[in-house]
Amino acid sequence: MEIKPKKLAILIDADNSSLNSISSVLEEVAKYGIASVKRVYGDWSNETLKNWRDILLPHAITPVQQFAYTKGKDATDMILIIDAMDLLYSNALDGFCIVSSDSDFTPLASRIRESGLTVYGFGRNKTPEAFVKACDKFIYVENLEAEEKDETKQMPLVKTKENKELIKNDTEDKQDNGKQFQIDRATLNLIYKAVKDNSDESGWANLSVVGSYLTAIKPDFDARNYGRAKLSGLIKMLNLFETKIEGSQMYLKKIKNKAN
């Protein structure tokens, strides 16, 4: 049976989002589903948003105008929330991608999740924890921007089909080797627990299941936070787990006598 990709709505708060990260955000969203709706909200009469116009057309993002009726009040947030609820009640979507570093969208994310839909959040490292925790998964745009810069620097001019795969693999290796590896004790303990709670009688746990568990407990968990391109790379760099491949799936288990 063919699994249909998720239909997602991308709602961007232009006042609290980085214009330079939008291309990377759209690429990241493509990993989770199809962007059926792409809208960005702001007061387009404001000169501070004029540069957004150059990115809207190439990415087919619909701008939604909202004038600031009262100084100090964010009318943009309100229209975004109203649109989100209209889309939610249409029952045509599987999830939402909220692009903002504003904690005002915390109740919206919680409400969408109550309806059984998935919420992906995108924002800066400064994003308040309340909004981060209200999402099913939260991605820091600094990680996406860093990835794009690394790929641009390392990408050769060769464009043959055969070389594309080599370019991709070479980029990932250089990204992993070029960054200092650091991980905090709390995250390390969480990884141990994820493996333990999802392992079989032999102690082996499916990496995909472990990744889903980590995201459910810590929505902003991302291997890129620790300088690795993928979770598999992070696990290998820890040197605390045995790994094996069965079919297309990776499995891991704690190495005996390795203290956490």
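Select Ser36 and look for its contacts (heavy atoms within 4.5 Å). Leaving aside neighbours within four places in sequence, Ser36 is in contact with Lys7, Leu8 and Leu93. Ser36 is partly exposed, with a relative accessible area of 38%; the partly exposed class lies between buried, under 20%, and exposed, over 50%, for a 1.4 Å probe and protein chains only.

This is a predicted model, in which local features need pLDDT of at least 70, side-chain atom pairs count only at pLDDT 80 or more, and totals for chains, interfaces and linings use all residues. Residues are numbered from 1 along each chain as its sequence is written, and side-chain values use heavy atoms, with hydrogens and water left out.

Next, select strand E2, residues 33–42, where Ser36 lies. Strands (E, at least two residues) and helices (H or I, at least four) are DSSP runs numbered from the N terminus. E2 runs parallel to E3 and is joined to E3 by four bridges; strands pair if DSSP finds at least two bridges between them. Within this pair, Val40 stands opposite Pro63 in E3.

Now extend the selection to the sheet. Six strands form an open sheet with parallel pairing, in the order E3-E2-E1-E4-E5-E6. E3 (62–65) and E6 (137–140) stand at the edges with a single partner strand each, so one side of each has no neighbour in the sheet. From one strand to the next, the twist averages 20°.

Then show helix H1, residues 22–29. H1 lies across E1 (6–13), E2, E4 (95–99), E5 (118–123) and E6, and runs at about 160° to E1. Such angles run from 0 to 180 degrees between N-to-C directions, with axes fitted to C-alpha atoms, for helices over the stretch in contact.

Move on to helices H3 (residues 75–89) and H4 (residues 106–114). Their axes come within 11 Å and cross at roughly 5°. H3 and H4 are therefore roughly parallel to each other, a term for angles under 35 degrees. Show the side chains of Leu80, Ile81, Ala84, Met85, Leu88 and Tyr89 in H3, which meet Leu108, Arg111 and Ile112 in H4.

Finally, select the whole chain. The secondary structure comes to ten helices and nine strands. Of the 260 residues, 44% count as buried. Among contacts between residues at least 6 apart in sequence, 62% join residues at least 24 apart.

Terms used
Angles under 35 degrees count as roughly parallel, over 145 as roughly antiparallel, 65 to 115 as roughly perpendicular and the rest as oblique.
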